[in-house]
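Take a look at the model below. We will go through it chain by chain, from a surface feature to a single side chain.

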Amino acid sequence: MDSLSTYKSALTNLQKAGLLVFVIVALFHGMIANDKYIVSGSDAGISFFSNVDNTDWGIRAPIPYSAKFMDKNNRSVSPFGNQDIDGWYKRHWIGTDKLGRDVLAGLIYGSFVALQVGLGTILFSLLIGFIMAYLSGYFGDSELRVEKKFLLFLIPLSLLSVFYIIYSKLIFSIVILLFTIAVWSFAIRRTSNNKSKSAGIPFDLIIFRIIDILHSIPGLFLILILLSLFNQKSIWNVVMVIVLLRWPVITRHLRADILKIKQEDFVTSAKALGLSNHRVFIFHILPLAISPVIIVSAFGFATAILMESTLSFLGIGLPLDQVTWGSLIKQARLNFSDWWLALFPGLAIYFIIVLFNSIGERLVKLVKNEQ
Amino acid sequence: MLVVPTLFIISLIAFILSKNTPQDPVSSMLNLKGMDQEVLDDEVYKKTYQELSLDLANFYLSVVPQNYPDNLNKVYKLEDRVLYKKLLSKGYRFEFIDDAFEKFDSRNYDLSKSNDQQGLIKVQRSKLDAEEFLQEVGVDKKNASKSRFYYPTLRWHGTHNQYHEWLKKVFFNGFGASITDGIKAISKVKKALTWTLSFTLIDFILSIILGLLLGYYLAYKPEGKSQKLLRQVLYLFYAVPVFWLATVLVVYFTTADYGTWTNIFPSVGINIYPEKSTLTQIVLNSEKLILPILCLSLHSLAYVSRMVEKSLTDELSKDYVLYAYSKGLSKRQIIKGEVFKNALTPSITLFMSSFASAFSGSLVIEVIFNIPGMGRLLFNALSIADWNVVFCVLIILSLVTIISYIIGDILYAIFNPRIKYT
């Protein structure tokens with residue numbers, strides 16, 4: 001059956017190499033481009049990432065600039081032009097921006113930002129997407145039932161807990177939320193099988209209303225409005241907002257498959273054996289429904305990086321001093337003569353998007369051949 | 001029809017969100033009028049605050065802890081409101097906090113009246129923590145009653161509230177006035193929408209027509225040499241970020257920095273003729289719109305033609321096509337006569353959703369090319385907390401998007417009579 005190794009073997013060597021390079025550069029960005037010594041030794045002993053000049057020995061990064069380091073003598077220098085530097089080692093290989101920051105170091109740091117945004121978006125949107133698909137696909141509108149007389153007690157309790165969640169501290173809010181969910185699940189468990197006395201909880205209806213609403217506002221406009229709500233700019237705000245737009249995609253794909261698989265005999269027999277709903281869903285349905293999700297995630301990675309770079313190009317969401325691929329291109333728009341600022345970061349974004357799109361297409365082909 | 005409830009929920013959510021923004025609409029409005037924050041008079045601030053009807057309650061009713069006042073919005077200073085909220089959430093009663101504020105004010109006033117050097121140092125309460133503030137005033141915390149926090153109480157505010165006022169503005173006053181220049185938000189959005197729709201529609205029509213042709217060309221002879229090349233080129237445009245393509249074109253091809261031949265396109269920016277109508281302005285600026293439309297449509301063209309090719313090749317592998325071949329029909333006849341309609345009917349909804357996503361693309365394009373469309377309007381309005389305009393943009397855009405989906409559904413039903421909407 002679908003396991004990780006079959007997906008791995010589906011990738012071409014070029015894709016594997018591209019992925020590896022991207023992840024390594026992103027994770028070890030501090031060791032590839034840094035203005036400090038990575039390891040240095042002096043009388044005081046060995047230290048890491050220190051800025052001391054009087055070291056006995058030291059290992060420097062291949063690129064002796066970090067993304068925020070400003071080389072005051074070399075502002076807006078072209079890759080091929082004259083640079084005020086001593087030795088080829090200090091050369092700015094693809095130029096600097098208006099403040100004298102090395103573009104190559106910026107690109108390397110930008111890959112870390114891109115990896116964070118991509119991975120964060122995928123993980124959170126998978127989490128939310130799975131839960132929502134479980135509720136809307138597996139339970140639907142009438143699977144989970146609660147006795148009507150319980151509602152007299154449950155609805156006031158839920159309203160009250162909403163009040164306390166809003167007005168108390170975060171830790172109490174979480175406790176109250178969990179407590180409310182526990183009470184609801186207890187009530188669901190105590191509900192008898194008599195359908196006339198109980199009411200189904202319309203998960204499917206509610207979730208698809210939410211998706212409809214999210215779908216009816218153009219994505220970038222929604223992101224812009226939501227990002228203006230945050231006090232501080234940070235990368236995780238951007239991730240959260242992109243997640244809000246991405247989970248419906250995963251839920252929709254997963255739900256379609258769950259609805260199909262739910263009808264199969266083995267699910268009925270698993271239920272007849274007395275397995276719990278969670279168990280049936282996680283171990284018997286999810287493994288069969290996972291391939292579209294992996295494909296959507298591969299495309300989603302590309303989309304997330306594209307959105308993040310668009311946002312930092314517009315100067316929203318991320319802190320202004322954070323160097324990303326998008327913010328480098330933003331600078332190109334302000335000074336037209338610096339052609340290198342427009343070219344190289346754009347190529348980086350382009351290659352990452354092509355990489356993840358081609359991986360997604362490759363997986364689509366694989367799934368098609370299997371069927 | 002679910003349009004109305006959807007729009008209503010969007011408006012409600014947007015309203016709740018707007019009440020939680022960190023920006024202060026009053027100070028941004030006063031800034032725009034050219035008044036400096038430092039020398040700002042309290043009275044002026046208060047007057048503007050009341051003019052924007054921010055002193056009313058937020059909604060028809062509210063459920064708050066018992067120690068909360070009837071209407072916290074009457075506290076007109078943003079920093080004070082934040083401090084009030086901090087103290088209230090600690091359980092202190094509103095009257096108690098009010099007293100503390102009064103004491104603080106009178107103490108600061110005494111300090112500034114006295115002539116010695118120390119008197120000039122005023123303590124700014126916006127910089128204080130809740131506990132620090134109480135310490136500064138010197139009140140005894142033990143006397144304060146704190147137990148009422150956990151009783152939820154329902155407060156009824158009647159129709160004299162901000163949401164009601166806003167709804168009135170929406171229906172009778174064109175979404176209210178913009179805080180920048182006092183023009184009705186709806187008339188601003190109308191102008192912006194004309195711009196945005198004009199070039200998204202051109203982009204949409206161009207990309208659909210060319211996309212159908214190219215998709216047909218690609219599917220007709222999938223292994224041909226020129227087709228393979230075209231496929232590569234289309235893939236390039238499909239993956240290129242719109243904002244990068246636009247930036248590259250602007251940087252390299254609108255100036256003479258890189259040789260005289262690169263100065264192909266007119267420079268960025270729109271000529272504004274204030275007296276003329278928006279449509280004539282668009283026509284007069286048509287030369288400057290070439291580049292934005294090119295950027296937008298290259299991307300959507302790639303998307304549409306790839307989609308058309310894919311659905312055509314999928315359809316061509318079906319059994320009835322084999323039967324058509326065996327009748328002696330040529331490939332061209334089969335595609336034109338039988339396959340085209342079958343293949344493309346399911347794609348109609350996708351076409352329409354590409355129209356909606358063109359709005360997202362247009363936002364970036366408008367910011368880059370300085371086109372006064374919806375995207376730039378929203379972008380500017382958000383940066384100065386001009387929420388009347390933001391609401392208007394949001395509602396009108398969702399209306400346009402929903403209408404485009406409905407058109408897609410109707411077209412789908414026309415082309416595929418098996419579908420029936422009940």
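Which elements of chain A each supply at least two residues of the nonpolar patch? They are helix H2 (13-27), strand S2 (45-50) and strand S3 (57-60). Keep in mind that this is a predicted model.

The patch covers about 1000 Å² of surface. A:Ile24 sits in helix H2 of chain A. Its relative accessibility is 40%, so A:Ile24 counts as partly exposed. Patch residues need over 30% relative accessible area.

Now turn to chain B. Its secondary structure comes to 17 helices and two strands. The chain has 422 residues, and 48% of them count as buried. Its accessible surface comes to about 22300 Å². Carbon and sulfur atoms hold 60% of that area. Consider next the contacts in chain B between residues at least 6 apart in sequence: 69% of these join residues at least 24 apart.

Is B:Glu315 buried or exposed? B:Glu315 is buried, because its relative accessible area is 9% and buried means under 20%. Find B:Glu315 in helix H12 (residues 290-316) of chain B. Setting aside neighbours within four places in sequence, B:Glu315 is in contact with B:Tyr320, B:Val321, B:Val339, B:Asn342 and B:Ala343. B:Ile335 lies 20 residues from B:Glu315 in sequence. In space, the C-alpha atoms of B:Glu315 and B:Ile335 are 9.4 Å apart.

Technical notes: Residues are numbered from 1 along each chain as its sequence is written. Chains are lettered from A and ligands numbered from 1 in the order in which they are written. This is a predicted model: local features need pLDDT of at least 70, side-chain atom pairs count only at pLDDT 80 or more; totals for chains, interfaces and linings use all residues. Side-chain values use heavy atoms; hydrogens and water are left out. Patches are made of residues with over 30% relative accessible area and no salt bridge: like charges are joined within 9 Å, nonpolar side chains (Val, Leu, Ile, Met, Phe, Trp, Tyr) within 5 Å. Accessible areas come from the Shrake-Rupley method with a 1.4 Å probe; for residues, only the protein chains shown count as cover. A salt bridge is a side-chain nitrogen of Lys or Arg within 4 Å of a carboxyl oxygen of Asp or Glu. Helices (H or I, at least four residues) and strands (E, at least two) are DSSP runs, numbered from the N terminus. Buried means under 20% relative accessible area, exposed over 50%, partly exposed in between (1.4 Å probe, protein chains only). Contact means heavy atoms within 4.5 Å.
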